Amino acid sequence: MATLYPEGMPYDEGMLPVGDGNAIHWQVCGNPDGIAAVVLHGGPGSGLSASARRFFDPAAYRIVQFDQRGCGRSIPHASDPDCDLRANTTRHLIADMEALRVRLGLERWLVWGHSWGSTLALAYAQQHPQRVLALVLVGVTMTRRSEIDWLYRDVAPLFPAQWEAFRNGAPADRRDGDLVAAYYDLLGDADPAVREKAALDWHSWEAVSVSSSTGDELPEKWRDPAFRMARARIVTHYFHHGAWLDDGILLRNAHRLAGIRGAMIHGRLDLQAPLTTAWELSRAWPDGRLVVVGDAGHSYGEAAMGAAIVETMDGFVRRLAG
């Protein structure tokens, strides 16, 4: 089984003003002369993670990471109820990626995304294919209505006790309706206690489907109230608005990826993003290779997923060098 690389430390980092009063935090690790790769975190709103660097050979890659608007060390932070999210959309994030690419003086880069990051990676690649050296998607999502409905309703029979708690966290008259919309409203409530309970209830439900195991303990980062609030606000903001993407547009526009080499790495036991999404994309994107990890779920922290990702990224070093 492949061994993950050391996390390493950034050799360059900063804050990039991107307009609308926002500034994104970015950092670069690895080899300054290596293959440029931008790593897109999930959530949306989860922030960059040093652990994601461990899939990239630091001698071969110039690893670029940034905190998307409203999270991590980017400002303003969505944990602040006064943080206006209207200028935090998929379109804004794509523009931020281009601004960062120009700031770093990169002509093209490999685009890597996990979970929500794979949706953002696809949207970016379809809009700027000339800037994409290669495309790697892990835990593939396209943020379609069917995928949102799966995660916040259809998967409920697998976790009846946790589902009841999540459903009961919504107002009584909204429990049989759109729970994403209900929680979106709760997270905008004037009462801090209402907002905090909604953020906790939201993450308690999500936690049950992150891993291929059935454990529902909150991941360590999710136990921080400020992180939890920012992520819950951003996730519900994006999902309530369908990520400002016409439903199914990323699959319909997969032809724009023609000529871009890529891979989709997906756990067969992924309960957050069922395998069908990656499979459908693989049929529409002939240059993208589907790698199914039989005993893994959605988290890239699982050993089998990590090994598959490292093997894929090592393979791209050889392919791009050739």
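Start by selecting strand β3 (35-40) and showing its side chains. Ile 35, Ala 37 and Val 39 point one way, Ala 36, Val 38 and Leu 40 point the other way, and all are buried. This is a predicted model, so keep that in mind at every stop. With six of its six residues buried, β3 is largely enclosed by the rest of the structure.

Click on Val 38: its bridge partner in β4 is Val 64.

**The whole sheet**

Zoom out and colour the strands. What is the order of the eight strands in the open sheet? Reading across, you pass β1-β2-β4-β3-β5-β6-β7-β8, and the pairing is mixed. At the edges stand β1 (12-19) and β8 (288-293); each has a single partner strand, so one side of each is left without a neighbour in the sheet. From one strand to the next, the twist averages 20 degrees.

For an antiparallel pair, go to β1 and β2 (residues 22-30), which are linked over seven bridges. Select Asp 12 there, and you will find Val 28 of β2 opposite.

**Helices on the sheet**

Next, show α9 as a cartoon. This helix packs on the sheet, touching β6 (132-138), β7 (262-267) and β8, and its direction makes about 160 degrees with that of β7. Within α9 (residues 276-284), pick Ser 282. At 17% relative accessibility, Ser 282 counts as buried. A polar atom of the Ser 282 side chain lies 2.7 Å from the backbone oxygen of Trp 279. Beyond its neighbours within four places in sequence, Ser 282 is in contact with Met 264 and Leu 290.

**The nonpolar cores**

Switch to side chains again. Which members of the largest nonpolar core touch the most other members? In this core of 71 residues, they are Met 97, Trp 109, Val 111, Leu 135, Leu 137 and Tyr 152. Centre on Tyr 152 and look around: leaving aside neighbours within four places in sequence, its contacts include Trp 163, Phe 166, Leu 179, Val 180, Trp 202 and Phe 239. Another core, of 30 residues, lies apart from the largest one, and among its members are Ile 35, Phe 55, Trp 112 and Val 136.

**A pair of helices**

Select α5 (residues 179-186) together with α6 (residues 192-207). They pack at an angle of about 145 degrees, with axes 8 Å apart. On the α5 side, Val 180, Tyr 183 and Leu 186 meet Val 194, Arg 195, Ala 198, Asp 201 and Trp 202 of α6. The residues of this contact divide into six nonpolar, no polar and two charged.

**Stops in the loops**

Move to His 298, in the loop between β8 and α10. Is His 298 buried or exposed? At 4% relative accessibility, His 298 counts as buried. Its side chain makes a polar contact with the side chain of Asp 270, at 2.7 Å.

Now look for two cis peptide bonds. One runs from Gly 43 to Pro 44, with omega near -5 degrees, and Pro 44 is in the loop between β3 and β4. Another joins Ile 75 and Pro 76, with omega about -10 degrees; Pro 76 sits in the loop between β4 and α1 (90-103).

Finish with two backbone angles. Thr 143 is not a glycine, although it has a positive phi of about 55 degrees. Thr 143 is in the loop between β6 and α3 (145-154) and is buried, with a relative accessible area of 8%. Trp 244 has a positive phi near 60 degrees. You will find Trp 244 in the loop between α7 (225-240) and α8 (249-252), where it counts as partly exposed at 35% relative accessibility.

Conventions. Residues are numbered from 1 along each chain as its sequence is written. This is a predicted model: local features need pLDDT of at least 70, side-chain atom pairs count only at pLDDT 80 or more; totals for chains, interfaces and linings use all residues. Side-chain values use heavy atoms; hydrogens and water are left out. Helices (H or I, at least four residues) and strands (E, at least two) are DSSP runs, numbered from the N terminus. Buried means under 20% relative accessible area, exposed over 50%, partly exposed in between (1.4 Å probe, protein chains only). A polar contact is a pair of N or O atoms within 3.5 Å; within protein, one must be able to donate a hydrogen and the other to accept it, and residues adjacent in sequence count only if both atoms are side-chain atoms. Contact means heavy atoms within 4.5 Å. Two strands pair if DSSP finds at least two bridges between them. Axes are lines fitted to C-alpha atoms, for helices over the stretch in contact, and angles run from 0 to 180 degrees between N-to-C directions. A nonpolar core is a set of buried Ala, Val, Leu, Ile, Met, Phe, Trp, Tyr and Cys residues joined through side-chain atoms within 4.5 Å. Ala, Val, Leu, Ile, Met, Phe, Trp, Tyr, Cys and Pro count as nonpolar, Asp, Glu, Lys and Arg as charged, and the others, Gly among them, as polar.
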